[in-house]
Structure formats: structure tokens, C-alpha cells
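Hello,

I am handing over the structure we spoke about. Please open it first, then read my notes below.

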Amino acid sequence: MRRKQWILHKDHLLPFLRKLRKSRSLVAPVRNSYGDTMYTEMNDLDNESIELAEQPQNSLKSFFFPQREKLCHYSVDEAVGDSAQAYRFYPSLPESRAVVYFGVRSCDMFAVMYCDTIFLGGRERDVYYDARRRNALFITLACNHPFENCFCNAARTGPYLEMGYDLQFTDLGDRYFVEVDKARGREVVQQWPQFFVPAGDDDRQAHYQAALESRGLFRRQVHVDLAVQLLDQGEEPQALLAELSARCQDCGGCAFICPTCTCFNIVDQPLSDDRGERVRTWDACTFDGFTRMAGNHNSVQIISQRVTKRFYHKLRDDVLRHGRSSCVGCGRCVGMCFGGVDIVRFIDGLCAADDKRSEKREDGHD
Amino acid sequence: MAGLATTFGSGAMTNSINELSSAQVILLSGSNTTEAHPQVARRIYDAVDQGARLIVIDPRQTAMASLAHIHLQLRPGTDIPLLNGMMRCILDENLVDELFVEMRTENYIPLRDLLLTIDLNEVTATTGVSIKDIARAARIYARAQRSVICYCLGVTQHICGTANVQSYAGLAMLTGHVEREFTGVDPLRGQNNVQGACDMGGLPAVLPGYQMVADPVVRDKFDRAWGVCLSDKPGQTLLDMTHGAGSPGDKLRAMYIMGENPMLSDPVLDQVEATLDSLDFLVVADLFLTETAARADVVFPAASFAEKNGTVTNSERRVQYMNKAIDPPGAARDDGWIIMELSRRMGYAMEYESSAEIMEEICLLTPIYGGMYHDRLIDNWGLQWPCSDRAHPGTPFLHKFSFARGRGRFQPASHVPPAEPVDSAFPFLLITGRSYHHYHTGTMSRCCPTLNREHDKPFLDMHPDDATRLNIPDGSRVQVTSRRGSCKFFLRYCQSLAPGDLYCDFHFHEAPVNVLTLSARDPEAHCPEFKLCAVRVEEVI
Amino acid sequence: MDQVMSICCYCGCGCGLYLQVEQGRVVGVMPSHNHPVSQGNLCVKGWHLHEFIHDPRRLTQPLIRRNGTLLPASWDEALDFTAQSLLAIKEQYGPDRIGVLASAKCTNEENYLLQKFTRAVLGTNNIDHCARL
């Protein structure tokens with residue numbers, strides 16, 4: 001049997017990353033001079049600081065699915081006339097670079113897997129996403145210390161992963177406990193065996209202990225399962241949705257910051273009279289124009305139902321379609337919303353209403 | 001601006017944006033905050049979630065008005081009687097902060113005498129707000145320890161804008177709600193560096209840092225630094241320039257316009273057009289061929305904010321550094337380079353190797369920016385002026401210990417009716433403003449596909465009762481006519497307006513709203529009466 | 001992809017954000033989490049800040065009106081022509097017949113230079129901007 005658990009001493013992390021960088025670009029959480037931590041492509045391993053104690057404020061979404069991406073450019077041949085034949089399209093695929101993503105949190109890894117089902121899981125593969133995604137290597141970091149707004153335990157995406165990564169690192173103080181899942185991870189260990197020593201029983205015990213302790217450190221209790229169940233039973237919290245919708249300020253920030261919101265719009269941008277670019281850009285279901293049809297009809301009552309689609313998609317539709325909720329519990333949408341309309345507030349409100357009803361029912365029985 | 005400057009001594013926001021979250025009472029006036037200043041609205045939501053009380057003074061039922069504990073839906077242009085009413089209630093209920101009035105203010109007696117003549121029934125008749133609501137709002141505002149007033153162009157863009165602002169400032173001083181953290185009077189600035197453009201002396205009567213052109217000591221300092229002899233005659237204001245005011249001998253023969261679009265933003269566009277066309281020479285620097293640039297003799301292609309280094313100053317007086325991200329397209333160059341080149345060719349060498357060197361000169365000559373060296377602004381979130389020297393940490397809230405002008409001055413005011421009241425020929429009052437998705441004349445925002453999808457045509461908001469009476473269906477094409485001109489909109493039913501009032505925004509060149517608006521303006525601040533003009537509406541068939 | 005710290009160019013809130021730059025093009029924006037105003041979020045205009053920067057309608061070369069039409073010109077031509085025209089008008093009518101509009105969209109340094117240009121080179125205080133609009 002191939003060994004799947006190793007130890008990498010912390011002193012050897014930087015030398016190991018330096019080797020990896022010889023044939024790949026490196027993306028890792030970097031704390032910049034303004035104190036913001038973001039997943040960033042590292043140009044200089046020695047003068048940029050990898051920050052593993054803070055949650056990166058961005059997810060990995062934009063590395064595979066940029067906010068604005070040119071799909072192709074086109075030209076129009078006036079001589080051919082007004083027909084479809086007048087158009088010529090010249091696709092422009094992004095370069096398929098080899099990139100190692102280091103220090104990826106469990107929720108963010110889970111989000112990449114979700115995006116894979118959306119962009120690569122159907123009958124047609126999304127070639128743009130595929131090109132950026134194909135040569136990616138993921139080294140995740142198990143969360144020993146969940147952040148302020150995290151609820152991956154409730155969303156069942158963390159704090160430790162059981163699958164999906166190439167390598168998963170767990171911080172054991174002076175060393176990392178390294179687990180291998182995918183073949184690409186195994187290849188890395190085989191290529192640089194000098195950094196890895198087999199994990200022993202003590203290490204495994206320490207790893208288990210860390211996993212155990214991290215579960216007790218979540219500051220938020222979010223009943224994702226109950227919310228999923230209530231929506232599945234046909235619960236329609238109209239009043240709650242209307243209240244939250246009224247406070248939504250239509251910024252789209254929740255969808256843009258969300259690692260699993262994948263809606264996009266495609267627009268043609270003319271560059272001159274006879275040529276232009278076809279571009280896809282992030283879109284958000286909270287926007288009026290997302291559902292507005294010709295003739296100004298909108299199937300969504302924008303004032304009272306603006307946020308409905310978003311919460312239902314995450315907690316109901318994706319459960320039906322893919323077997324699980326697509327909220328990964330990263331907590332990024334919490335605290336950043338202008339009106340305080342985040343998914344936790346929705347779940348709390350939904351469950352609180354249910355609590356009240358159950359209390360009433362119990363009172364009735366008495 | 002002029003309003004706060006004459007009462008407090010400084011025309012800027014007294015607090016920082018973040019302080020709003022910790023206020024106990026927020027009085028918001030003439031601001032559609034959720035649309036025009038979303039980050040401020042976010043702090044108001046936070047404050048309300050933490051138990052703060054919100055009072056909104058606005059003729060429109062804005063999102064903030066829906067959240068408010070009290071919405072004083074006054075008739076447009078009746079702020080002064082409303083505030084006099086509130087202050088009378090404060091006087092009657094002994095809620096005046098007498099110690100503050102005595103220690104920190106002046107000219108209180110004339111205000112008190114005026115307030116004693118106020119008849120609250122008359123106030124109700126003028127404003128349309130009940131005595132009960134006025135008294136409740138006054139009580140809530142006066143009794144809290146940390147009350148803050150925020151206002152926007154709904155207060156200033158009136159013929160009596162200065163007096164409006166002075167009345168709000170008076171309310172704050174009467175109750176001692178200023179000169180501390182979390183309390184004060186905060187005008188919300190509309191553009192990213194409108195504060196900075198004022199600070200830098202982009203105004204006819206002041207040099208950088210609000211140092212008066214008329215002051216010989218100030219001029220002497222600049223004369224020596226610049227090696228010239230400066231004119232002591234204050235210049236013409238924006239509207240004097242674009243409307244060609246004054247005697248024929250004052251009319252401009254040439255203009256240099258940097259990144260502005262008066263052909264859409266200024267009132268009475270016919271007059272602006274005539275003025276620009278009458279010039280011998282017009283040069284415009286801009287990103288796009290705007291309505292104004294299209295009339296120029298020379299157009300300079302300028303760099304956008306992403307294509308240059310430099311600082312901008314936000315509404316809370318925070319001077320922040322912007323990094324250059326990319327090169328300008330084609331031959332476009334930043335405005336600093338353009339001005340230096342032009343100056344050199346006109347025989348006055350300006351040789352700055354970087355924007356940091358320009359800032360060093362600003363620090364030298366501008367006391368409030370004395371410590372704003374670039375190296376202090378990079379890698380952090382900037383500093384708030386006044387900041388006198390390198391060691392100064394910046395100033396999060398103004399007027400600690402005393403007002404900038406010494407004592408705060410009460411300026412009693414009486415009602416000024418709108419310059420153009422409605423009548424049978426022009427029965428509607430048109431209010432203009434900014435929408436959420438677009439920005440000013442739309443030069444930038446209308447080039448953003450997503451924003452344009454969200455809001456792609458000019459709407460006229462009308463109460464459904466009015467629309468039903470006129471028999472115009474929702475979505476119809478309508479023509480709005482004032483005494484000065486007319487333009488076309490798409491009608492949108494809107495419950496949040498009072499019947500008789502109309503609302504539209506000014507971002508669309510297809511519907512240049514400012515052909516309708518008045519040239520009447522405030523006598524001190526020269527702010528045009530954008531918020532109100534009398535119009536009639538017809539369906540276009 | 002590089003992240004370049006900048007300040008939103010729309011309203012007076014002055015949100016701090018990162019411009020995401022890929023091969024010389026701004027392809028997205030990310031609000032700063034620690035910035036005292038933006039605190040991790042932007043309004044709809046801020047989130048779409050990158051969309052106008054590369055608009056094909058951007059001006060890319062100086063224009064001079066010749067026979068009623070604005071035509072492309074070199075910087076030298078445009079600047080020389082402007083300098084001569086302004087000098088001639090100043091000479092003939094005096095400095096107070098020239099007016100300048102500064103911009104709430106430009107930097108402090110640029111506004112400082114423009115008012116210095118107006119006062120020291122043109123010799124007038126006829127400078128204002130749209131603070132009141």
C-alpha cells in the first residue's frame with residue numbers, strides 16, 4: 001500500500017515551495033503592506049509574507065473565473081450584408097498555466113469542487129474555465145482556528161477535508177502533517193522525497209487531537225441543515241425575505257465575494273464599427289437586469305423578492321440538483337453587506353421562526 | 001459649504017464616516033443615502049441595528065425614510081420653517097444646552113428672539129408636517145447624548161441653501177451636538193475628490209487651504225513661492241463663467257476645462273451652450289469626447305484614475321494615495337503632465353519630477369495639508385486634515401475644544417419660498433438628483449455594460465395618483481416642459497413621492513434635465529436651485 | 001494577476017480597493033477588507049469600476065479643430081497651439097477674460113497645478129469646479 005501520510009518540518013516549507021515554483025506559478029495567502037490578506041500570485045518568495053493566520057479576503061474564484069474575461073473577438077464584414085454570415089469569430093483561450101495554490105482553506109477547496117461541477121460537470125465543458133483549471137495543484141491547509149464568521153462545520157465543508165485536495169497540510173506546531181489524496185499530490189511527494197518523512201503514530205494522534213479541538217472553536221452556530229430541511233419541506237418565509245430584500249442595496253457584493261456564485265452575463269463590446277470583443281462578466285441574481293425581460297417585465301418582484309433567488313439557489317435548488325447546499329460556510333458575505341442581509345441572517349431568521357412555531361405546538365399539546 | 005464655514009469656520013464633514021455607527025440618534029436630511037452614499041447608509045443600518053433612532057427629513061419616501069423611526073415628509077424647500085419649528089420645541093421644553101451655548105457659541109439672542117415669534121401651526125401649514133411629529137423629532141434629537149446630522153444636496157441645492165445649512169448647524173449648536181466624537185454636522189460630498197479640489201484652491205476666492213486671495217499676507221507668501229505677483233481680485237464662479245454673467249467686458253474669451261462636463265451638469269443648458277460657442281478658444285482635457293469636449297478647439301486625451309499616481313481627499317477629509325495600475329491608452333497623458341507642458345510653453349517652467357514633489361510644495365504652502373507628505377500616505381489609509389506637520393497624526397473629528405472660527409455663530413433664518421412656485425400652467429414641482437447606478441453626467445458609468453443594463457434610460461418618477469389623473473400609463477414616453485425648455489423621459493410610477501412632486505436624474509445626454517432647471521441660486525454659495533422647478537408633463541403620442 | 005491598491009473614482013466616500021491587473025488590463029476589482037470606509041464591500045458602481053477604463057471610446061490622441069472638425073494631432077501641435085491661443089487672448093483682452101474649470105475627478109496634485117497655472121501663468125482667479133452641482 002502506498003503511504004499517504006507524511007511529515008514536513010516547518011523549516012522546510014519555504015525550500016519546498018521554492019522547488020515547486022521552478023515549474024509552476026505560486027498562489028498563496030499574502031499579507032500586503034496595507035494589512036489585507038489575499039490569495040496572491042507570488043513574484044518574490046523572500047520579500048512577500050505568506051499569511052496563514054488570517055482568512056484571505058478573496059476566494060480562488062477569480063483565478064479560474066475572472067470578473068471580466070474576453071471570450072473571443074469578432075469582425076463584421078459589411079460587404080456580406082446584414083446576415084449572420086457577416087460575422088467572423090476568433091476565440092481567445094487563456095493560457096493553461098501550471099499553478100500551485102498553497103494554503104487553500106477547506107471551504108475554498110470545496111468551492112472549487114463546486115465550480116468544477118458547474119463549469120466542467122455538464123455535457124459541455126467550459127473551455128475557458130478548463131484552461132485555467134487544468135494544470136492547478138492544490139495544497140490545502142486544515143483550519144485549526146476557525147475565523148470570526150466561519151461556519152464550515154455547519155456547512156459540512158471543513159474544518160478538515162477528507163478528499164478533493166492534492167495535498168492537505170495540518171499545522172502541528174513545528175511541523176506539518178501532510179495527507180495525499182490525488183495523484184498530482186503523490187507525484188509532488190515523489191519528486192521531492194527529501195522534504196518528507198513518513199508520519200508516525202504520535203503524529204497521527206496529534207493530528208487527530210488538532211482536528212478534535214478545532215471543532216470546538218467555532219464562534220457561530222448556524223443551522224444550515226435545518227434551513228435546508230425547512231426549505232425542502234416547502235417553507236416559504238415571505239415576510240423574512242421581504243424584510244431582507246428591503247434592506248438589500250443592490251451592490252451585488254455578496255455574489256461577487258461568494259466562492260460559489262457562478263452566474264455571468266455575456267456582452268459584446270464594439271471596438272470600432274467593424275470589430276469588437278465578446279466578454280463575460282460576473283453577474284448577480286439580486287440585480288434587476290438579471291431577470292428583466294424585453295418589455296420591462298420582471299418575473300421577480302424586485303422590492304420584496306430581491307434576495308429570494310440567491311438564498312433558495314444556495315440552500316434548496318443546489319441540494320436538489322447536486323445533493324448538497326452550495327454555501328460553503330466561509331462567512332465572507334457576513335459583515336460586508338450594506339444592509340446586513342447575509343445568508344447567516346436568513347438562516348437564523350428561518351430557524352427562529354420554526355423555533356417559535358415548535359414552541360407554540362408544544363404549548364398546544366400541554 | 002458657505003453655510004458651515006460661516007457658522008463653524010470650516011465647510012467639511014465634522015466626523016468620520018465610521019463614527020456614524022456609534023451614534024444614538026441620526027438626523028438625515030436631503031440625502032437618498034442608500035443610492036448616493038451606500039457606505040454611509042451601511043453605517044446607519046449598523047447604528048439602527050444597535051438601537052439608534054433615525055429621523056429622516058425628505059420629501060421622498062426613500063429607503064432610509066422607510067427604515068426611519070420618524071419620517072418628516074416635508075414639502076420641498078421648507079427646511080427652514082421645519083427646523084425653526086424643531087428649535088422652538090427644544091426651547092419650549094427646556095432642552096437647550098445652555099452651557100454649550102454660553103461657552104462655545106455667539107449670536108444666540110437673535111435666534112431665540114426669532115424662535116419666540118414662531119407659530120407652530122403656521123409651521124405645519126407651510127411644511128405639511130404635524131406638530132406632534134416635529135415635537136417628537138426635536139425631543140429625540142435633543143435628548144440623546146450622541147446625535148449626528150447628515151445632509152446632502154437636498155439641503156444645499158436651493159435658493160436658500162446656505163440658510164438651510166446654517167439652520168441645521170444652529171440646531172446642532174443649540175443642543176450641544178457638535179465638537180465631539182460621534183456627534184456633529186456632516187455634509188456628504190458627491191464626488192471622489194470634490195473635497196480635494198476645494199482644498200487645493202480650485203475656487204475663485206481662495207488659494208490652497210482656504211487662504212483668502214484678498215489677504216495680502218497670504219498673497220505675499222504665494223508670490224514669493226511662485227515668483228509672480230498674484231491678482232487680488234477674486235475670480236468668477238462656475239455659473240458666472242458658464243452663463244456668461246456680468247457686463248460684456250467681463251465675458252470670457254477662452255476657457256480651459258479639465259475633466260468637467262458643464263454641457264450636461266450645469267443648469268439652463270441653452271445658456272451654457274451659447275457661452276461656450278461664443279468663446280474664441282476652448283480647450284478640454286477628458287477621458288472621453290464629452291458633450292463639452294465636442295465643442296472644443298483643442299482636446300487633450302487624459303489619463304484615468306487607474307493610470308496615474310496621486311492623492312484624493314474623501315468626504316471625511318481623508319487624504320489617500322492612489323497607485324498607478326496601468327499605462328494610459330495610446331497617447332493619453334495625465335493632467336499633471338499636460339499642465340506642466342502647457343505652462344513651460346507659456347514661459348513659466350514647472351518642473352516636478354513626481355506627484356510627490358508637487359505634494360511637497362502643497363505641504364509647504366497649505367497649513368491644513370502641512371504634514372501630508374506622500375511617504376506618510378503610502379501603505380496606509382491616509383491622514384485626515386487638518387494635519388499641520390510631519391508629526392501630526394491627522395484629525396478624525398473637527399472643532400475639538402473650539403470651532404475653527406472661534407465661537408460657533410447662530411444665523412437665524414426665515415422661510416424663503418421656492419424661486420419658481422407651481423401654478424396652473426406648470427403644476428408640478430420637479431426634483432432632480434442622482435441615481436444609484438450612474439454617476440454625474442454618465443461619462444464613465446454609462447460605459448459600464450452592467451451599470452447600463454441596470455439603468456439604461458432616463459426615467460421620470462411620478463406618483464400613481466397624478467399619473468391616473470393625467471391618464472398616462474406606466475412606462476409611457478412623456479415630455480416634461482418648464483419655462484426654459486423641455487425634454488423626454490420614460491414615466492415610472494413611484495409611490496415614494498408625494499403627489500404633485502416629480503423626480504428625475506441628470507445622467508442621460510438623451511434627456512438633458514438641465515435644459516429645464518433654473519439659473520436661480522443661493523446668493524452666498526452660488527449653489528443652483530437644482531432641486532426645484534415648476535414643470536408640466538404631457539404624454540408623447 | 002497583480003492587485004494594485006487604489007481609491008474608487010466615484011463618490012466622496014473614498015473606498016479603498018484593489019485593481020486586478022492582468023497583462024496591462026484591469027480585469028476586476030476587490031474591495032479592501034481593512035480600509036476604514038470600504039470594509040470589504042463596494043457599491044454597484046465600485047464593483048464595476050474596471051468596465052469603463054478600457055472602453056474603446058476613450059480618447060487616445062490630442063485633437064485640434066480644423067475647418068470645423070476635430071482631427072487628430074500630435075502633442076506638440078496641440079500644446080503649442082493652445083499655449084499660443086491662450087497667450088494671445090491674455091495679451092489682447094487681459095487675464096480676467098480667461099476661465100478655468102478644475103475637476104473633482106482629478107487628484108489633489110493636478111488640481112494644485114491647475115490653480116497654480118491659472119493664477120501664476122494666466123494671472124487670474126477665474127477658477128472653479130462643480131462642487132455645487
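Here is what I found, taken topic by topic.

Please keep in mind that this is a predicted model.

**Domains**

Start with chain B. The assignment divides it into domain 1 (2-188), domain 2 (190-235 + 302-388), domain 3 (238-300) and domain 4 (428-539). Note that domain 2 of chain B is written as two segments, 190-235 and 302-388. Between the C-alpha centres of domain 1 and domain 4 of chain B there are 27 Å.

Chain C comes with domain 1 (2-53), domain 2 (59-93) and domain 3 (95-133). Here the centres of domain 1 and domain 3 of chain C, taken over C-alpha atoms, are 28 Å apart.

**Where chains B and C meet**

The contact involves 113 residues of chain B and 86 residues of chain C. Which helix gives the most to the chain B side? That is α17 (residues 335-345) of chain B, with eight residues. Sorted by class, the chain B side holds 65 nonpolar, 33 polar and 15 charged residues.

The two chains also pair through strands. Strand β11 (residues 298-301) of chain B runs antiparallel to strand β4 (residues 63-66) of chain C, and two bridges join them. Within this pairing, B:Val299 faces C:Leu63 of β4(C).

**Two helices to look at**

Take α11 of chain B, residues 161-174. This helix has 14 residues. From first C-alpha to last it reaches 20 Å, close to the expected 20 Å. Is α11(B) enclosed or open to the outside? It is largely enclosed by the rest of the structure, because 14 of its 14 residues are buried. After α11(B) comes B:Gly176, with a positive phi near 70 degrees.

Now turn to α13 of chain A, residues 308-322. This helix has 15 residues and reaches 19 Å, close to the expected 21 Å. Where is the kink in α13(A) centred? Look at A:Lys314, where the kink is about 40 degrees. A:Lys314 is also buried. Other buried residues of α13(A) include A:Thr308, A:Arg310, A:Phe311, A:Leu315 and A:Asp318. Just after the helix, A:Gly323 has a positive phi of about 85 degrees.

**Backbone details in the loops**

One loop of chain A deserves a stop. It runs between α5 (152-155) and β9 (167-171), and A:Pro159 sits in it. The peptide bond between A:Gly158 and A:Pro159 is cis, with omega about 5 degrees. A:Arg156 lies in the loop between α5 and β9 too. Its phi is positive, near 60 degrees, though A:Arg156 is not a glycine. Is A:Arg156 buried, exposed or partly exposed? It counts as partly exposed, because it has 13 C-beta neighbours inside 10 Å.

Chain B has a cis peptide bond as well, joining B:Trp385 and B:Pro386, with omega about 0 degrees. B:Pro386 belongs to the loop between β14 (383-384) and β15 (408-409) of chain B.

Last, go to B:Asn107. This residue lies in the loop between β4 (105-106) and α7 (108-116) of chain B. B:Asn107 is not a glycine, yet its phi is positive, at about 65 degrees. It has 14 C-beta neighbours inside 10 Å, so B:Asn107 counts as partly exposed.

Best wishes

Technical notes
Residues are numbered from 1 along each chain as its sequence is written. Chains are lettered from A and ligands numbered from 1 in the order in which they are written. This is a predicted model: local features need pLDDT of at least 70, side-chain atom pairs count only at pLDDT 80 or more; totals for chains, interfaces and linings use all residues. Domain bounds come from an automatic or database domain assignment. Helices (H or I, at least four residues) and strands (E, at least two) are DSSP runs, numbered from the N terminus. The expected span of a helix is 1.5 Å times one less than its number of residues. A residue is buried if 20 or more other C-beta atoms lie within 10 Å of its own, exposed if 12 or fewer, and partly exposed in between; C-beta atoms are placed from the backbone. The bend at a residue is the angle between axes fitted to the seven residues ending there and the seven starting there. Two residues are in contact if their C-beta atoms, placed from the backbone, lie within 7 Å. Ala, Val, Leu, Ile, Met, Phe, Trp, Tyr, Cys and Pro count as nonpolar, Asp, Glu, Lys and Arg as charged, and the others, Gly among them, as polar. Two strands pair if DSSP finds at least two bridges between them.
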